[in-house]
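Biologist: I have the coordinates open and some questions ready. Shall we go through them one by one?

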Amino acid sequence: MSKTIQLKFDDKQEHQLLAVESTVRLFDELSRQDESFQLGDEIVPNMPPATVLEENWLLANLSSVRTLNGLQDPLLSLDVDDGFELDGISNNSWRYPNFTLEMETGTGKTYVYLRTILELKKHYGFRKFVVVVPSIAIYEGVIKNFAITRTHFRTLYGNEPIHLTQYDGQQLSKLRNFASSSFLEVLAITLDSFNKNSNVIFKASEKLPGERKPYQYIQETRPILILDEPQNMESEKARSALRTLHPLFAIRYSATHRTNPNLLYRLSPVDALKHNLVKRIQVYGVKEEENYNQMLFSFESFVPYGLAVRVRTLINTHGVTTEGIVELKKGDDVFSKTKHEAYRGLIVEDIDKNAGVVVFTNGYKLAVKEATPSKPEVFRAQIEETVERHMQAQMLLKDRNIKVLSLFFIDRVANYTDNKGLIKTLFDEAFERLKKKYDFFNKFSSEEVRSAYFAKKKQKDGAEVEIDTEGKNEDERKAEKEAFRLIMRDKERLLSFDEKVAFIFAHSALKEGWDNPNVFQICTLNETRSEMKKRQEIGRGLRLCVDQTGERVMEEGVNVLTVVANDSYESYVRSLQMEYQDDGEAAPAPPTNARRDFSKRNDKIFRSKDFKEFWEKLNRKTSYRINVDTENLIGECVSHLKATQFPEPRVVVTKGKFVITSFQIELISVTGYAAKLKVTISDSSGDSNTVTKSFEQGKDLSRELKDVRLKGYKLVVVRQRGDDSEVIFGNDNILTKYHPITFDTEEGQKIDSRSVVEPSATYPVFNFIDRAARETGLTRPTLNRIFRSLPGSKKELIFKNPQGFCSKFIDVVKNVLADHVALRIEYIVDGDPFIHDVEQLFPKNMRYAQKEVIPGDENSLYDQVQCDSDVEMRFVQYRLQKEDEMVLYFKFPSSFRINIPKVIGNYNPDWGIIRWTSEEPKMKLQLVRETKGTMDRNLLQYPHEKRKLDCAEKHFEALGVDYRQIDDKILYWWKNEKRK
């Protein structure tokens, strides 16, 4: 029996805490919901039926959270989903807000929303949540994450009872239990289970006696929706199904949103990479070249605007045939685009985006999902490269107790499942041949180390067969089920050396919702289509790896994801960068070429007396002492708490008119790349406004006219053709001179009046001092003194909103305590000088996978210098490498950490430098420099960054090393100028 690894979770990851806190702060000033809210059949809702969350109040809170998170674009109104419920269920409409959190794959999105659920219960008493997912793979992932985090969250939230209901159309009685429970309840359900009026959830059932239909139990709880991967739930059909659940509000979590209504938090790919929260990426490209004897005509992508398509095909240029991409639109002559004789007379007859086909005049149809012919030689090279890299990685990481996994995305299921399937055969050959070079694998056969999961097509009522066992005998079906359990449900078992399987094959079932932290290689034996982008593929292996104890391993040299692509490195990276840009992100540093794995150490510097003496000084262990001034700490806490606005419950009453607004956009003229437009806005209340103005290509009407209802009307293309001039918008709408664009919307409802009624009710106070003691680490007597020192008017607020008061109290005290510690910490040099092995920290060959690197010089420790930002790059290029007085410099490895109290967190410095003084007498300066984009520590992204720098100053002062924070603009960066 294979050992199962118990994954461990860090409850203090700053990006996750910030995401959770962002959602909690949306509802600042909301009183805790009373547990006694019930309807006739003892249904316990999140809020009473007649109570609403006032939209202007939500908008104000949202704007505040966005500002804290650095999202600068102002929101003029709250983005709400408003429309009819699912056709055939009712003629009613429903209106509710969506809030968006964007988190790069692998950074703990599911952990964040599960913890957010617990925090919303803790702060506001919300207790009914519905997690909606678009696929079985994601559904299985949610169930699995719930199971593996249960113990962690119980410890964190004092055994808070939380129950997960897995929706099953055959066990409808579970919905009644979900609705009537007074505990924290989470319902997990696939969208396909309720997006058709034929679904059993909409039909009366003898399993649920009474007047209610199954879905009405959910409705009456006024659920909070958690939308996992909502980019797959944005059709009008999906949105109407979601409205039918009568949500109080929805929270959207994904890395690749198509739209981001009410965006409140963003952890971009750039941020995730910059803060070492995910694996670095390197790409190994495998591409057949110079073989143009086979015809090639394959789909690449639809053009975002208009009816056009990009096709990979053969192109004849000056008599030379090459492979390339051409853009085709309806009516195009393929021969004129390619000059390839095989396409003479071939015309594009139609492009049907909905059906996903391109139709040509000779009757040939190019299907979007049609795979190109398998290329045995390309596949052989990819598979061999993946297997060898897997074996090399495992040999390197075996002593670190890390098991290596590889994931293959294949082009056709039959290429694996058939007895002589091409991919399975090539893998077996490669494994059996290569294992002779690596002792670790010699004891295994290829059949033992590989497994696969291929989901069957969706069935009636949204159900999906777990695995495709059609046509299989009993032994084969049993093996398929075991593979499903291992890959989808027992994936921690894959992490154990006791489990032989290390190579996983899939077609598309693992595109979202599944990942494994120890996937180190991803091999793409498929042509990536729009339904499975490169970003989704690499997302399966971005999570940081774990060892045999379940602990995360943080070293970036270990956390490297290798993508073995059936494309050239340049082409793959270009496509991947375009996907980041298409998702509205500045693309991260390009993945490094897997052939350029290592930077070489300059042993002349490494063995030098200067480096040795400097390193011995840096490598000494320090311990710290915190001189807590209790009286001062209490005084600071009281001072801050006096100035704090504590949330008070209130009832907001609003009144408004139902207004329909009509928009008309007219094209007046085009000059160069600027279009003169006339935008007329009129509504059913009689108000009207017209703006006539020139807009340059690239401008967004919603921003220029400060009206979110014009979202999507970005001028993507402006063409000057006289009377035939046109403007193409980002939403694919085309504006011509004689065909204006008109549309009506019910968005942007205005509130005519708003009043606030202060309730006089009070609530029983729990022992919040105990909670504060656990959260802050301060003693109960100290916390009691802080509370008792507050003015009576402040202390009385606890009776109006105990939970809100406690949360604010703890937040303020924790921040004051962190500042107090950073200000008063003292470091002492211990006796043992060798806390790090210098050979391990600075190996002969250093791998900087997907780190931005620039060439080093004679003074750099490595021939390539790692730079984590443009500021660092400019500092190296225009400061370190321009200095005549330079002796040596190096970047501290990420595993070199300074010990700082937990309330603040550990710290990794940037640069170690030795430089001659500019003045006589000449002396060598031993320097540590921290490069930041701003010299104002109060403007750093995370509040703890300032505190870390404050502690680092004292640590290096104890070591006798000159430490200073700088930016790339400071000329005399080597001078010892104390910060003011």
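**Burial, packing and backbone**

Biologist: Is Asn859 buried or exposed?

Modeller: Buried means under 20% relative accessible area, exposed over 50%, and partly exposed in between (1.4 Å probe, protein chains only). Asn859 has a relative accessible area of 13%, so this residue counts as buried.

Biologist: What kind of model is this, and which pLDDT do side-chain atom pairs need?

Modeller: Residues are numbered from 1 along each chain as its sequence is written, and side-chain values use heavy atoms, leaving out hydrogens and water. This is a predicted model: totals for chains, interfaces and linings use all residues, local features need pLDDT of at least 70, and side-chain atom pairs count only at pLDDT 80 or more.

Biologist: How do β35 and β36 run, and how many bridges join them?

Modeller: Strands pair if DSSP finds at least two bridges between them. β35 (residues 852-855) and β36 are antiparallel. Ile854 has Val865 as its bridge partner in β36. The bridges joining the two strands number four.

Biologist: Which residues of β36 point the opposite way from Gln864 and Gln866?

Modeller: β36 covers residues 864-867, and these four residues are buried. Gln864 and Gln866 share one side. On the other are Val865 and Cys867.

Biologist: Which residues have the most contacts inside the largest nonpolar core?

Modeller: Such a core is a set of buried Ala, Val, Leu, Ile, Met, Phe, Trp, Tyr and Cys residues joined through side-chain atoms within 4.5 Å. The largest has 106 residues, and α3 gives the most to it, with eight. A second, separate core of 62 residues includes Trp615, Cys637, Phe842 and Phe890. In the largest core, the residues with the most contacts are Phe27 and Phe126.

Biologist: What is the geometry of the Phe27 and Tyr124 pair?

Modeller: Rings of Phe, Tyr and Trp (its six-membered ring) pair if their centres lie within 6.5 Å; planes under 30 degrees apart are stacked, over 60 edge-to-face, the rest tilted. The structure holds 50 such pairs. For Phe27 and Tyr124 the centres are 6.0 Å apart and the planes at 70°: edge-to-face.

Biologist: Why is the pair of Phe427 and Phe505 edge-to-face, and how far apart in sequence are the parts it ties together?

Modeller: The ring centres are 5.4 Å apart and the planes are at 85°, so the pair is edge-to-face. Phe427 has 0% relative accessibility, and Phe505 also has a relative accessible area of 0%. Phe427 is in helix α12 (residues 422-434) and Phe505 in strand β18 (residues 503-506), so the parts tied together are separated in sequence by 78 residues.

Biologist: Which ring does the charged end of Lys279 sit over?

Modeller: The test asks for NZ of Lys or CZ of Arg within 6 Å of the ring centre and within 35 degrees of the ring normal. Lys975 lies over the face of Tyr972, 4.7 Å from the ring centre. For Lys279 the distance is 4.9 Å, and the ring is that of Phe520.

Biologist: Does the span of α1 agree or disagree with its 12 residues, and what is the distance between its ends?

Modeller: The expected span is 1.5 Å times one less than the number of residues. For α1 that gives 16 Å, which agrees with its end C-alpha atoms, separated by 16 Å.

Biologist: Which residue is joined to Glu920 by a cis peptide bond?

Modeller: Most peptide bonds are trans. Here omega is about -5°.

Biologist: Asn159 and Asn262 have positive phi; what is the relative accessibility of each?

Modeller: Phi is about 60° at Asn159 and near 50° at Asn262. Asn159 lies in the loop between α4 (136-156) and β4 (162-166), and Asn262 in the loop between β7 and β8. Asn159 is exposed at 57%, whereas Asn262 is buried at 4%.
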